[in-house]
Structure formats: C-alpha cells, structure tokens
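Reader: I have a sequence and a model open on my screen. Please take me through them one question at a time.

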Amino acid sequence: MEQQPKHSRKDYLTLFTSTFTLSAFTFGGGFVIIPLMRKKFVEQLHWIDEEEMMDLTAIAQSSPGAIAVNASILVGYRVAGVPGALVTVLGTVLPPLIILSIISFFYTAFRDNRIVALVMRGMQAGVAAVICDVVLTMGRSVLGERRVLPVVMLLGAFAAARFFGVNVVAIILVCGAVGAADLWRRQRTSKGGHAQ
C-alpha cells in the first residue's frame, strides 16, 4: 500500500469516534457494520473509494476473526497506518466489551424478560434489512464492472452456499484462486499488447 500522509490528532479522534459509534450501535454481527463503515468512510469522509472498500471487505471476510474487527483494522491501516489500525481496533472492541460486561451482571433478568425478547426479535428484522442492503450494494458494484467472470463467480458462490451447502472457506479459497488467475491472465495480456 502507498505511504500514509501525516495525520493530526483530529483525524485519529475522528477514526476512534467513528468506529466506536458504529460498533456501539451495530447489532446483528459483523456484516451489519460493513455498510455503515462504507457510508462513513466512503460517502461522508471520502477517505476511501468504493472499489477499495469492497477489496477491504473481501480481505476482512476471508481473514480469521470477527469481520467487524478485521474491517476496522484494514480501514484504520489504510487511512492512517499502524496507529490508525490500533485506534480503530480500540474503537471497535470497546463498545461490545463494555456492553457485554454490563449485561453479564444482569444476564438472568435479561434472559427471562419478555420485553427484551421482543426487542431482540424486532432487531433481527432490522439486521436482515441491513444485510440485504450490503448484498445489493456490493452486487451492484460487481455487475457494474460489466465483466462476465465476476458475475459468474457471484452466482456460482451463491448457488454453492445456498443450494449445495459448500463450506464458505472453500468458496472463498476457490474464488480467490480464480480471481488471482484472472488477474495474472489480464496482466500478461496487457503486457503482451504493450510489447507489440
């Protein structure tokens, strides 16, 4: 990656408060935080472009660990290097740590409370909607490339996971290998074209 420019304390504070707020108000797993990060860092702050955010999301998903933490590390590193990654990790990890520590003291009361159960059920619907938004946004980006291979890979990965129960790790590895082979082929073709 390119060398990071120097950042002010305000930039680090913005990184921390952005990831802290996103993490504190994101319910339903790591996939929910991705569109919110995209909205914050791509659309509002303009620190990352759309295609790069998609690349960071793919890396975050294919790496071990929680996708929200992985994505925050990558976004923080991309924006402000190692200090940025440390700031965003802290901002992402603190809210669940604080909230779960509090909930653990009152777990029995929460577990049997009907109102809490209804709130959780309502939040599940919201989470499903946000995940659908991620799928549509990222799918539109893939279709926007107007290349056949990414579309075939998108549909093939969906079919493999949904209808044939193929392990997600296998799907990611196969897609990564196909993508790498395609990139290698296109680079060789472009070099061959320049050599002529």
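Author: Helices here are DSSP runs of H or I with at least four residues, numbered from the N terminus. The model is a predicted one.

Reader: In which helix does D182 lie?

Author: The chain has eight helices and zero strands. Helix α8 covers residues 168-195, and D182 lies in helix α8.

Reader: Is D182 buried or exposed?

Author: The cut-off for buried is a relative accessible area under 20%. D182 has 8% relative accessibility, so D182 counts as buried.

Reader: Which residues is D182 in contact with, leaving aside its neighbours within four places in sequence?

Author: Contact means heavy atoms within 4.5 Å. With neighbours within four places in sequence left aside, the contacts of D182 are R147 and L149.

Reader: What pattern does the chain follow along the sequence, and what does its C-alpha trace span?

Author: Read along the sequence, the pattern is α-α-α-α-α-α-α-α. Along the principal axes, the C-alpha trace of the chain spans about 75 × 50 × 25 Å.

Reader: What share of the contacts in the chain with a separation of 6 or more comes from residues 24 or more positions apart?

Author: The chain has 196 residues, and 26% of them count as buried. Among contacts with a separation of 6 or more, residues 24 or more positions apart account for 59%.

Reader: How much space lies in the largest pocket, and which element gives the most to its lining?

Author: The largest pocket holds about 1800 Å³ of space. Two or more residues of its lining come from each of α2, α3, α6, α7 and α8. With ten residues, the element that gives the most to this lining is α8.

Reader: Which residues lie nearest the centre of the largest pocket, and how do the lining residues divide?

Author: The lining of the largest pocket has 39 residues, and A58, Q61, M138, V142 and L154 lie nearest the centre. By class, the lining residues of this pocket are 24 nonpolar, seven polar and eight charged.

Reader: How many cavities of 30 Å³ or more does the structure hold, and what is the volume of the largest cavity?

Author: A cavity is a space where a 1.4 Å probe fits but cannot get out. The structure holds one cavity of 30 Å³ or more. The volume of the largest cavity is about 90 Å³.

Reader: Which helices each supply at least two residues of the lining of that largest cavity?

Author: The lining includes I34, R38, E50, M54, V134 and M138. By class, it has six nonpolar, three polar and two charged residues. The helices that each supply at least two residues are α2 (30-44), α3 (50-62) and α6 (114-144).

Reader: How many disulfides does the structure hold?

Author: A disulfide is a covalent bond between the sulfur atoms of two cysteines. C132 is partly exposed, with a relative accessible area of 46%, and C175 is partly exposed at 24%. The number of disulfides in the structure is zero.

Reader: How many aromatic pairs are there, and what is the geometry of F158 and F163?

Author: Ring centres must lie within 6.5 Å to pair, and by this rule there are three aromatic pairs. F158 and F163 form an aromatic pair with centres 6.0 Å apart and 90° between the planes. Planes over 60 degrees apart count as edge-to-face, so the pair of F158 and F163 is edge-to-face.

Reader: Are F158 and F163 buried or exposed?

Author: The cut-off for exposed is a relative accessible area over 50%. F158 is at 52% and therefore counts as exposed. F163 has a relative accessible area of 58%, so F163 is exposed.

Terms used. Residues numbered from 1 in each chain as written. Predicted model: local features only at pLDDT ≥ 70, side-chain atom pairs only at ≥ 80, totals over all residues. Heavy atoms only, no water. Phe/Tyr/Trp six-rings, centres within 6.5 Å; stacked < 30°, edge-to-face > 60°. Buried < 20%, exposed > 50% of the residue type's maximum accessible area, 1.4 Å probe, protein only. 1 Å grid on protein atoms, 1.4 Å probe; cavity = no way out; pocket = protein on both sides within 12 Å on 5 of 7 lines; lining within 4 Å. Points joined across faces, edges and corners; volume = space filled by probe spheres on them. Nonpolar A, V, L, I, M, F, W, Y, C, P; charged D, E, K, R; others polar. Disulfide = S-S within 2.5 Å.
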